[in-house]
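Me: Please take a close look at a single part of this model, the place where its two chains meet, and give the cut-offs behind each term as you go.

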Amino acid sequence: MLRLAHLPSAFYAWRGREYAGARSWLLVALALLLCLLMMLSLALGSASIPLEQIIATLLGGEAESAAWTNIVLKFRLPKTVTAMLAGMALGVSGLLMQTYFRNPLAEPFVLGVSSGASLGVALVVLGAGAAGGLLLGGLNLAGDLLLTAAAGLGAALTMTLVLLVAARIPNGVTLLILGLMFGYLVSALVSLLLYFALPERIQAYINWTFGSFSGVTSAQLPVLALIVVAGLLLAAAQVKALNALLLSEDYARSLGVPMRKTRLGIVLATALLVSAVTAFCGPIAFIGIAVPHMCRGLLGSSDHRLLLPGTILAGACVALAAGLIAELPGSHIVLPLNVVTALLGAPVVMLVVLRQARGLS
Amino acid sequence: MKALETRALTIGYRRRRGDIVLARDLNLALQRGSLVGILGANGVGKSTLLRTLACMQAPLAGHVLLAGEEAAHLLPLEVARRLCIVLTAAPQVSLLNGYALVALGRYPHSDWLGRLSKSDHAQVAWALQAVGATDLAEQRVARLSDGQRQKLMIARALTQDCPLMLLDEPTAFLDYPRRLETLRLLRRLTRQADRAILVCTHELDLALRYCDELWLMSKSGVTVGSPATILRDGSLHATFGIDGSSFGVNGGSRFFDDAQLSQPLECQEDNLV
């Protein structure tokens, strides 16, 4: 008979003594939790729609009311999928950065990609003249699209810069410091723009920095999905090298890891994931740094063959949960997403890390 | 068979304003089944030599041959199948067990996910047994002592299954019994597993006792010889000699005879008055 604890071993057919002590069965629990949160995210919202109506709509039928069909297909489904994709992308890129830089404080944004995105948005929202104001003032939709384009362009330019630097500089720490300094430089420029901007423009910029999963339309969703899946596949291809990197860059090289190729793979995957998420959802803090720690604590392993699927599942769960709580189901208030991720997530990570520290000493 | 050979090797660092040369025209060779120690004062270039031999840094001139093949022409994976390394500090990998840490050595032999085959598992089990760390297999690495972790790192190097093993001061953080144990283990591995082992060390005493051959590095170059020869012809004294001390030649454990230790302290106070 197949017991629940055997399921991951069936998934990892090669499971051996190297996984002794790891709780790989929790991957199944995470997958079940993800299904539950997906259903909740589709079922809960300011309008109350019966569950069977939602399921019927998702299966291609029509709900009793056309408005319900509309809400589910045009609003809740894109929001749910966006949250999952963003959570996966941020969790995995955080894992890549923490392992590559061998630093538990590293996060997806250390490469400066999201700083580049925020500069793009700030230039459009705060710096643009009358044309920008007209766009943002009247047309909400065109304004959103413009923000996405500006963030995407800023992220893509920064990504090219980071890749050029990463190809030349064989040193992780140097790359880390350059990324951090670039971030400071950009935030100074943004502050400068904020200082001279009109109050309502500042409000628009700040709204973007709050982050949101509901800004992505069903037309834009395939673009986000494609980039995120490409980034995740690229990350999966680095799994073996990431395990060797746990020792050190010197040891990894001595094991035959092609460091230049691996470094570019890690940086490109992170840049793709982060720039896509930041362009479509804004700079969503916390998930990227917290989810890898949560996974290490939960799964009890540093092995990336467990951590990568773990961060994918847990990232999606955390993002969905944060999105749900931000909407405060039953009310008409929507909290800023970044407030929820940090307020609720930080204590959880503190607990996990403290438990881990006690277990080790 | 020669696991390692150098031809007219010059080591050092490339700088824009002229290269810094630490040693030139080195013609060294290392046979399988022998334990060789690199000895020398701080800053003389032991680590640079080791890093150059391990293909972690390029030579300024000359050639490094690994199992008869020019190292500069080999791919990273091909180098990884010919030599493995153990560095001074054992890495802190908190959430792996001992078995997983040792199994990382199978990297150059496994598939894209690093899955272990039956023979990989056999290699890991053998390496754990060879270093006497079978009982550490299912313990978290973070809970182990420095000595236990370094033992696992040597086992990890063994599972890489290379003819040549290079160690850079592997005993620096260990206590004396652990240092003795490590050197004895390395000597046993050269005999039982037919490896060529090159160890860079400051353990004069232990190196003289356990190594088959010593490479003495000084500013003037590298002197090669068996421990007995090196003791007799005075090259050890020339490399490490401090005024007022000399090395014993009787092959006993006390090589170091410091005349100054027996001098009364008063004579120094006289100078102060």
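Reply: Between chain A and chain B there are twelve residue pairs in polar contact, both residues being at pLDDT 80 or more; a polar contact is a pair of N or O atoms within 3.5 Å, where within protein one must be able to donate a hydrogen and the other to accept it, and where residues adjacent in sequence count only if both atoms are side-chain atoms. This is a predicted model, in which local features need pLDDT of at least 70 and side-chain atom pairs count only at pLDDT 80 or more, while totals for chains, interfaces and linings use all residues. Side-chain values use heavy atoms, with hydrogens and water left out, residues are numbered from 1 along each chain as its sequence is written, and chains are lettered from A and ligands numbered from 1 in the order in which they are written.

On the side of chain A that touches chain B, the elements giving two or more residues are helix 11 (239-245), helix 12 (249-254) and helix 16 (337-360) of chain A, helices being DSSP runs of H or I with at least four residues, numbered from the N terminus. Helix 11 of chain A gives the largest share of that side, five residues. Sorted by class, the side of chain A that touches chain B holds 14 nonpolar, ten polar and seven charged residues, where Ala, Val, Leu, Ile, Met, Phe, Trp, Tyr, Cys and Pro count as nonpolar, Asp, Glu, Lys and Arg as charged, and the others, Gly among them, as polar.

Two salt bridges are counted between chain A and chain B, each requiring a side-chain nitrogen of Lys or Arg within 4 Å of a carboxyl oxygen of Asp or Glu. In one of the salt bridges, the side chain of A:Asp250 meets that of B:Arg51 at 3.6 Å, N to O.

As for extent, 31 residues of chain A and 38 residues of chain B take part in the contact, which means heavy atoms within 4.5 Å. The area buried between chain A and chain B is about 3100 Å², and carbon and sulfur atoms give 61% of it; buried area is the accessible area (1.4 Å probe) that two parts lose on being put together, summed over both. Of the area that chain A buries against chain B, 25% is supplied by A:Arg17, A:Lys240 and A:Tyr251, more than by any other three residues.
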